[in-house]
Amino acid sequence: MSNVTSTPIDMNRTAAPATAPKRSRGPRLSGVVWLTWRQHRAAYWTILAGAAFSVLWMTIQRADLIDFLTIHGWPGELSADWVQGAGTYSAMFNKVGLGLGFIPLVLGVFLGAPLLAGDLESGTAKLVTSQTVSPNKWLAAKLGISTVVVVVCMTAISLVFGWWWAPVKDENNILDWTAGAAFDNTGPVPVALTLFTVVGGVAIGMVLRRTLLAMVVTFVFGVVVQVVWAMNRLNLGQVVTRTTDKGVDGSSFPKVPSGSLQLDQSYVTGAGDTLGTSTCVHAASKEARVVCLEKADIVGWSVDYLPMSQMSGMQWLGSSILLGMTAAVAGFIFIWTRKRLV
């Protein structure tokens with residue numbers, strides 16, 4: 001960070017001298033907004049450039065995928081042998097999805113944690129807020145610009161990844177929609193997860209006031225967020241149960257929509273109760289098993305599953321929860337600034 005003098009600074013004035021010629025192009029930033037952008041411009045430009053590269057790369061990969069599918073009959077019914085070359089694309093989707101999943105953690109550590117901690121540790125926060133800029137205005141500029149950069153970049157990545165995946169979205173053997181590689185990188189989820197991790201990192205840095213320590217703690221915080229989210233992702237959906245009463249041979253098994261995630265299956269009795277599929281598994285012969293099933297009054301199957309049609313609703317519900325917690329953390333940050341920021 002460049003050295004600053006103790007000369008009072010009017011942060012409401014344009015940073016450029018009054019006699020300087022007007023710029024013919026580009027946005028004109030002034031005051032605390034200009035200061036914030038200039039102070040963190042390396043991080044912001046790195047994030048924007050990384051997002052632009054990711055978008056371009058995924059666009060090229062989608063074109064390659066479309067060429068492959070077209071050869072096999074897409075957009076109509078695909079030929080039977082198309083799956084022979086699909087393994088390459090499945091591996092690519094999963095690797096890219098895994099890599100994108102680290103973005104919230106990386107931005108939380110390298111953007112969120114140092115955002116306030118660096119200024120508090122160096123004393124810059126006290127200098128800036130002792131001028132004509134209020135702590136809330138300074139903080140709003142810090143969080144506002146960072147939020148805009150994160151939202152723009154993660155929205156672009158989410159849209160393009162979803163666009164790339166769309167032609168094979170119904171094929172779970174390519175990419176399972178319930179896995180983090182798909183669920184966490186499409187729709188509003190990547191934006192919400194990243195914002196929560198970044199704003200959480202900002203709060204951690206504000207409280208600890210030490211950049212390195214804040215980055216370490218934010219890393220742990222980000223990992224915990226990812227683990228808790230992964231453990232509760234499927235709980236956002238409404239489990240659907242489908243039953244039959246036509247016996248328990250293979251042809252009577254309930255049919256579920258394509259792409260659904262089967263959670264459980266069991267036997268159904270004539271009274272409507274369910275029994276585990278291990279019932280009668282130890283019967284000595286096929287005839288003995290039939291007798292055992294009849295004795296247990298088993299008449300059909302019961303299957304619990306999550307249909308793929310719930311994916312969007314699950315994503316928006318989870319994102320709403322994350323954004324609500326992000327707003328709560330941001331409110332805590334602003335309340336903290338009134339007495340303890342400097």
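Here are some friendly notes on this predicted model, point by point.

1. **Ground rules.** This is a predicted model in which local features need pLDDT of at least 70 and side-chain atom pairs count only at pLDDT 80 or more, while totals for chains, interfaces and linings use all residues. Residues are numbered from 1 along each chain as its sequence is written, and side-chain values use heavy atoms, with hydrogens and water left out.

2. **Overall layout.** The chain holds 10 helices and four strands. Both kinds of element are DSSP runs numbered from the N terminus (helices: H or I, at least four residues; strands: E, at least two). In sequence order the pattern reads α-α-α-α-α-α-α-α-β-β-β-α-β-α. Of the 342 residues in the chain, 41% are buried. Here, buried means under 20% relative accessible area, exposed means over 50%, and partly exposed is in between (1.4 Å probe, protein chains only).

3. **The α1 and α5 pair.** Helix α1 (residues 31-71) packs with helix α5 (residues 135-165) at an angle of about 5 degrees, their axes lying 9 Å apart. That angle makes α1 roughly parallel to α5. For the record, axes are lines fitted to C-alpha atoms, for helices over the stretch in contact, and angles run from 0 to 180 degrees between N-to-C directions. Angles under 35 degrees count as roughly parallel, over 145 as roughly antiparallel, 65 to 115 as roughly perpendicular and the rest as oblique.

4. **What the contact is made of.** The residues of the contact between α1 and α5 comprise 22 nonpolar, seven polar and three charged. In this scheme Ala, Val, Leu, Ile, Met, Phe, Trp, Tyr, Cys and Pro count as nonpolar, Asp, Glu, Lys and Arg as charged, and the others, Gly among them, as polar. Gly50 sits in helix α1 and counts as partly exposed at 32% relative accessibility. The C-alpha atoms of Gly50 and Cys153 are separated by 8.6 Å, although the two residues are 103 residues apart along the chain.

5. Met154 is found in helix α5 and is buried, with a relative accessible area of 3%. Its C-alpha atom is 9.8 Å from that of Leu193, 39 residues apart along the chain. Thr147 also has its place in helix α5, but counts as partly exposed at 31% relative accessibility. Thr147 and Thr194 are 9.6 Å apart, C-alpha to C-alpha, and 47 residues apart in sequence.

6. **Salt bridges.** How many salt bridges does a search of the whole structure find? The search finds two, where a salt bridge is a side-chain nitrogen of Lys or Arg within 4 Å of a carboxyl oxygen of Asp or Glu. In one, the side chains of Asp119 and Lys142 meet at 2.5 Å, N to O. This pair links distant parts of the chain, with Asp119 in helix α3 (residues 103-122) and Lys142 in helix α5, 23 residues apart. Both Asp119 and Lys142 are buried.

7. **The loop-to-loop bridge.** Asp184 forms a salt bridge with Arg233, with the closest N and O atoms 3.0 Å apart. Asp184 lies in the loop between α6 (180-183) and α7 (189-208) and Arg233 in the loop between α8 and β1 (240-243), so the pair ties together parts that are 49 residues apart in sequence. Asp184 counts as buried at 10% relative accessibility, and Arg233 is buried with a relative accessible area of 9%.

8. **A nonpolar surface patch.** Phe219, Val220, Val223, Val224, Val227, Val228 and Met231 make a nonpolar surface patch of about 610 Å². Accessible areas come from the Shrake-Rupley method with a 1.4 Å probe; for residues, only the protein chains shown count as cover. Val227 lies in helix α8 (residues 211-232) and counts as partly exposed at 43% relative accessibility.

9. **Around α9.** One of the 10 residues of helix α9 (residues 286-295) is buried, so the helix lies largely in the open. Asp297 has a positive phi of about 60 degrees although it is not a glycine. Asp297 has its place in the loop between α9 and β4 (298-306) and counts as partly exposed at 40% relative accessibility. Cys280, in the loop between β3 (274-275) and α9, has a positive phi near 70 degrees. Cys280 counts as buried at 9% relative accessibility.

Technical notes: Patch = residues over 30% accessible without salt bridge, like charges linked within 9 Å, V, L, I, M, F, W, Y side chains within 5 Å.
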